[in-house]
Every structure is written in structure tokens, then in C-alpha cells.
Amino acid sequence: MRDRVAFVCNGAEVEVEVEPGESLLSVLRERLGLVGAKDGCAPQGQCGCCTVLVDGAPRVACVTPAQRVAGRSVTTIEGLDGASEFAAAFVATGGSQCGFCTPGIIMRAAGTRGDLDKALAAHLCRCTGWQTVYKAIEDRPQGARDFAAASARAVLEGGSQHVDASVPLGGGGFADDTAPRDALVAVPGPGMQWVVAPSLFEARAAAGKVQGRRTTLAEEPPLALSPKPEGGVRLATSWVEPAYLEPDASWCIPGGEPASPLANGGAFGGKERSPVAAAARALADQYGQPVRVVFAREDVVRWGPKRAPISATAVVRNGVVEIEGVVVRGGTTNVWPTVDSVHVQATWTEVDVMGPPVGRELRAAGLAEQAVLIAGALGRDVPVVTPSGAVATARVGIDRDTGVLTGVEVELAAGHPLDEVVLRSYAIGAVHMALGWVLTESIAVDPDTGEVHDLTIRSFGIIRARDVPPVRVTLVPDDAPARARASDAVFAAVAAATWNALARAEGSRPDTFPARDTRTARLLRRG
């Protein structure tokens, strides 16, 4: 039986009917049309994207029962005093890229009077690497920007993105935000069969959605380590979730064009083959009315592409880096013809492994794996060149006595920068992701069934805000035309430099990613 709940929302009295167990986030988005609070993981309560203020205190709306705000005051990003100042600061620093996580971060910052590290521990950001977020909150810089140039660089890096003052406030135009709230809603059920209902709450209930869990199953590389060649290196990597924060979504009217799941942000290549747009079109035609198709976080993890695990060796023989490896079928292996006049010969074999799908389109897929092996075999950091010609070099500092990450230095030549703030932001975000790939990130997959067991967003091992080391990005003057996906070069160069830094700090080179048995990884995974 539905209940009626009355509360004050952004200064206005509202009264809504709610289903038993319905969350505040559902009421805000589905009943009141306030889509600034984002659904990144509901009902896990772990990403922070749905943070609002309840009586002035930050609350995660997806795990706050709607009945609990009866008679109270709720503020969303749409009604926040000072929101425009925050937005200008995030634009000025590059602290917002796709903008999906930013409204929640702004709400937390507005309601926090104290330790910023502790406050941001409630949030995940996959794009920016956090350094620019801290600067936006602490310094509040303001100033005019050339949004056209900024957007042009963002498109080159993210594939589909714009930059303006609306984005940090949640106005990126995400597919599910733009969908009509009275549309039918489809969600994946067992076996990826679509379950359709009049509302998101009813669709998820009918599909039997349950909150994801973190497993006790060991997270191991699925491909066995090869024997280490004399004087060479070997490496086996794990299943890694891209962990873009906006779950796949689309909507369509009968006979229309479906909304893109990539409305603002490239999802690091993870949505290139998303099924939601085609499903929205087919279901709208089938039912003769608009249909929203919405993934939950657990659906993204089960059905979305992962970074393809590899097992490989590399050794230098007669001035040639020889790589021999296997990669889970569907992955990719880009070949470097030369590195500092050192020739590379790579032989890769695709193998079938029980597990989730993998993606060729993910950030620096293949390029980063091969860069790591080359740098390891040579025993030194190397420049990384993307197919577009962008070049990055990196140096990662690790304290030998403590294992603490002391800093990351990157040099990047990306042609005309178009907008240095955006380019640096993408580079710092790539640093964050590369450190995580090498040190902390993986998901548990049952080797017999291929079922993913780590379904919570916090179980992926993403490095937290407070643990990101200082990052300095130097843009090398370059008069060439702007080069696309320069941040891929940064990702690969930092991953390779991190593996070399671990070898120096630990006295031996770890054979697996994530290198969880190193002191550095143990520090990052604490608590």
C-alpha cells in the first residue's frame, strides 16, 4: 500500500505517494523530475552520486527511505545556494569531465565543515583523478573559459562530451535524465531478458533486482603465468571493470531514434557496444509508446565489457624486444614497431576463458599492456606513442622505505592542446586509472561458470581521493594539429612507469596486476 509523504524540497512544500521501501532518490528523480541527483549504484550507497542535503546534512539518497524525510527539508543541486560558484570553480580547474559524479560531490562539499579527505571518501570519481576536484573545492577559482575549445579537446579525449557551466551541476544531458518520466521502463532480467513495467521501481522489483554484494572469492588472474625468460619479465593481469559511473541507459519513442548512452562522456570505451539503444528502439516499437532502458550497477558489471586479461613474457634479444603472450578472446594487442630505435616483435594468441565480455575499445587496450612489457624488459621508462601520434613519458615515485606513492610526473605532447585545463584533467584522470590497474583494481570471476561475483562499486579497488599522489603534467609545446586520445598515452606510460617503480622500491618486480602483495598496494587498499 502506498504512503503519502510530505516534506520541503528546495524551499517548496511537496507531497507525494511512495511505494513501500521506495528511496528518496526514486522520489526525487521519478516523481519530482529532479534529475541532478544521479543513480550510479542504487541501492548500494557507495558512489556518492545521489548525495543531497537533508536538514542541511549530506545524505546518500539511494539508501534513504522516502518515509524518513517526512516533515524535513531536502535540498538538491537544483536548489543549492552557491551552486553557480561551485560550477564555475569546477569548470575552471577541470574538476568535472562528464559531470555525472560532480553534483553529489558539490552537495557534499556544501554540507561539510571539516576534513575534506574524510568527506570525499564517500564519493567515487572515475574521470578526473581528484587533484582538480580538491582545487575546485578549496580554492574556488573563477574566470571565463573558451567553452568551444574546451569541448573540442574533450571530444578528442572522451569521444562525446561538452564543457560548460551546466555540466558540474548535472546538466550533461545524460540519456536517462532526458527521458520522459511517464515512459515505460525496461531493465535486464535473468538471462538478459528485458522486463518492462510502468516505472523503474516496478521494473526492478519485477526483475528481482537485489543489491550487489562483495564476494570472498579470490581475485586471481585467469591466465596462468608463463615461465619467466632469463633476463626478461612476465606478467599476468586480472579482470578489470572500467567502472564508468553513469550506468548504460537510453530511451526512444516509436519509430524514433534512441537516445545515446554516450550523451556526455565516452565511458572509456565501455559503452561502444552497449545494447540499450537498440533495445529502446525495439521495445518502443513493440509497445507503441516511449520506453526507457536502464541498467543498474549490477547489470553494468555483469554485462559490460572488461579489460581483457593477458599472460605474457618479454625479453630483449639482439636489440629486439620479443613479446609472447595470450589474451582473452575479444581483447586487442596493438603492436609498437619501434621504441627509441629498439625493435619490437610481438606474438599474441587469443584464448577462450569463462568470464564476462571484454572490450577492444577500452582506454589504451593493448597499447598499455604492450608498453608495460616493453618498459619492463628494457628496465627503464619509455615514451608511449598512440595511433594518433600523441606521446607521453612518465615517472612514478615510490618511497623505498614506506611504499608510499610520492608523486607522478608526466610529459605529454598532444599537438595543439586546444584547452590546457581539459587536457591536463584527462591526463590526471588517466594517471589515477593507470595506478589503479597496476596496484589495486580487479574483480572476482568464478573460473568455472564465468559469473562475476564482485558486484559492488567499492569492490573494484578504485583508488580513493585521499590516496592519489601529487600529479604534475607538463604539456610539451607542439605545433601539430590536436591529436586524439592523448590520455591513452598517459595511461600506458604511467602504468609502465609504475611497474618499474615497484621493481625499484620492492627489490623485485611483481608478476601480476594488481600487484596487491606490494607495500604500496597494501597501503592503498587499507580500510
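Biologist: Just after α13, Gly507 takes a positive phi of about 85°. How do you know what α13 should span?

Modeller: This is a predicted model, in which local features need pLDDT of at least 70, side-chain atom pairs count only at pLDDT 80 or more, and totals for chains, interfaces and linings use all residues. Residues are numbered from 1 along each chain as its sequence is written, and side-chain values use heavy atoms, with hydrogens and water left out. Helix α13 covers residues 486-506, a helix being a DSSP run of H or I with at least four residues and a strand a run of E with at least two, numbered from the N terminus. At 1.5 Å times one less than its number of residues, α13 with its 21 residues should span 30 Å, and its end C-alpha atoms are 30 Å apart, which agrees.

Biologist: Why are α6 and α12 called roughly parallel to each other?

Modeller: The axes of α6 (residues 147-158) and α12 (residues 420-439), lines fitted to C-alpha atoms over the stretch in contact, with angles from 0 to 180 degrees between N-to-C directions, cross at roughly 25° and come within 8 Å. Angles under 35 degrees count as roughly parallel, over 145 as roughly antiparallel, 65 to 115 as roughly perpendicular and the rest as oblique, so α6 and α12 are roughly parallel.

Biologist: What makes Trp130 count as buried or exposed?

Modeller: Buried means under 20% relative accessible area, exposed over 50% and partly exposed in between (1.4 Å probe, protein chains only); Trp130, at 2%, therefore counts as buried, whereas Leu418, at 31%, is partly exposed.
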